Amino acid sequence: MLKINSGRTLYYGKGDVLVYRTYAEPLEAAPIPESPFVGEDNILFAHNIRFAVSGEALLTSFTDGDNAQLVATDSMKNFILRQAATFEGGTTEGLLHFLAVRFMETYGHIDTVQLSANRIPFLPLPVPGPGGFLDNRLVYRRSYNDHAAAEMKLARGAEGYDLDEAWSGLSDLQLIKVSGSSFYGFIRDEYTTLPDAYDRPLFIFLDIRWRYDDPQDAIRPEAGKHVPVQQIRDIAQNVFYEFATPSIQHLIWLIGQRILIRFPQLAEVRFETSNRTWETVVEPADGLSSGVFTEPRPPFGFQGFSMTREDLIATPEPAEGTVSSG
């Protein structure tokens with residue numbers, strides 16, 4: 001019989017499993033200077049989950065067409081939906097870990113589970129109340145803005161289940177800064193047509209991923225080291241506000257510095273960004289004058305960068321020309 005080795009790809013699973021759980025465990029968080037977030041009630045705890053499994057026993061389903069060891073992906077979907085009702089936590093990472101462990105406990109021939117999730121955000125609506133409008137706890141609206149994400153891989157070990165890999169994340173953050181960004185001093189040769197920009201609107205798409213020094217901190221918020229995605233988002237937007245930056249590359253360096261300072265339990269932060277800056281139609285006379293812009297023409301530029309605690313330096317001060325005063 002053929003054996004699975006480190007070079008073989010073997011997995012199958014189910015994607016777009018939409019889980020709308022109500023009344024999950026509320027989440028509390030310690031405040032940080034950049035964010036008002038101190039917790040959420042998790043009345044709506046919704047996710048889009050991708051779930052994949054692997055194992056030596058599954059090899060013959062590929063090589064011989066033998067389905068005797070296959071758990072149908074429809075059964076996987078039902079397993080995820082029903083087990084979500086018994087989850088007692090309140091984080092995306094905790095939900096994924098719970099589902100993976102329960103699945104391997106149920107199906108002893110599965111060696112590894114690799115899964116990911118994008119949280120589906122719902123925002124409470126303000127309603128009239130004593131003293132003004134208040135966020136209610138009954139009616140919500142679906143948000144299509146940035147959201148939490150997570151991915152992890154669990155493997156069956158000699159004494160339980162090993163958390164081989166775990167990443168938390170913020171996906172689809174879109175930020176526009178109308179003034180206070182520049183881009184000049186780059187290589188100029190016969191291929192260069194881009195003009196220098198000394199004060200430009202900057203529109204960025206941003207995905208951030210982070211991993212903990214101890215992966216268990218990602219799944220145990222009760223230990224007090226879980227990093228809320230809302231605080232990561234607020235750090236990113238505050239750093240964007242505070243600093244006049246010469247490039248997206250330097251901007252994400254500054255964001256990473258701030259994240260690693262605020263959260264010493266993190267071992268690494270990764271960025272994937274893209275430049276979606278608008279095309280200028282009517283040039284503003286200065287940073288506070290009116291201008292007209294339109295969508296940029298494809299293609300777009302992108303950046304990828306990772307930082308660890310070895311990159312940490314003292315927090316820089318806002319640069320000359322910052323618009324932090326508003």
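How many salt bridges does the structure hold? There are 14 salt bridges here, a salt bridge being a side-chain nitrogen of Lys or Arg within 4 Å of a carboxyl oxygen of Asp or Glu. Before we visit some of them, keep in mind that this is a predicted model, where local features need pLDDT of at least 70, side-chain atom pairs count only at pLDDT 80 or more, and totals for chains, interfaces and linings use all residues. Residues are numbered from 1 along each chain as its sequence is written, and side-chain values use heavy atoms, with hydrogens and water left out.

Let's start with arginine 258. Its side chain meets that of glutamate 34 in a salt bridge, 2.9 Å from N to O. Arginine 258 sits in helix α5 (residues 248–262) and glutamate 34 in the loop between β2 (27–28) and β3 (39–40), so the pair ties together parts 224 residues apart in sequence. Helices (H or I, at least four residues) and strands (E, at least two) are DSSP runs, numbered from the N terminus.

Arginine 258 also forms a salt bridge with glutamate 242, at 2.8 Å from N to O. This partner belongs to helix α4 (residues 229–242), 16 residues apart from arginine 258. With a relative accessibility of 8%, arginine 258 counts as buried; buried means under 20% relative accessible area, exposed over 50%, and partly exposed in between (1.4 Å probe, protein chains only). Glutamate 242 is buried too, at 18%. A network of salt bridges links Glu34, Glu242, Arg258 and Arg262.

Now look at glutamate 151 and arginine 209, another salt bridge, whose closest N and O atoms are 4.0 Å apart. Glutamate 151 lies in strand β8 (residues 147–157) and arginine 209 in strand β10 (residues 197–212). Glutamate 151 is partly exposed at 34% relative accessibility, and arginine 209 is partly exposed at 21%.
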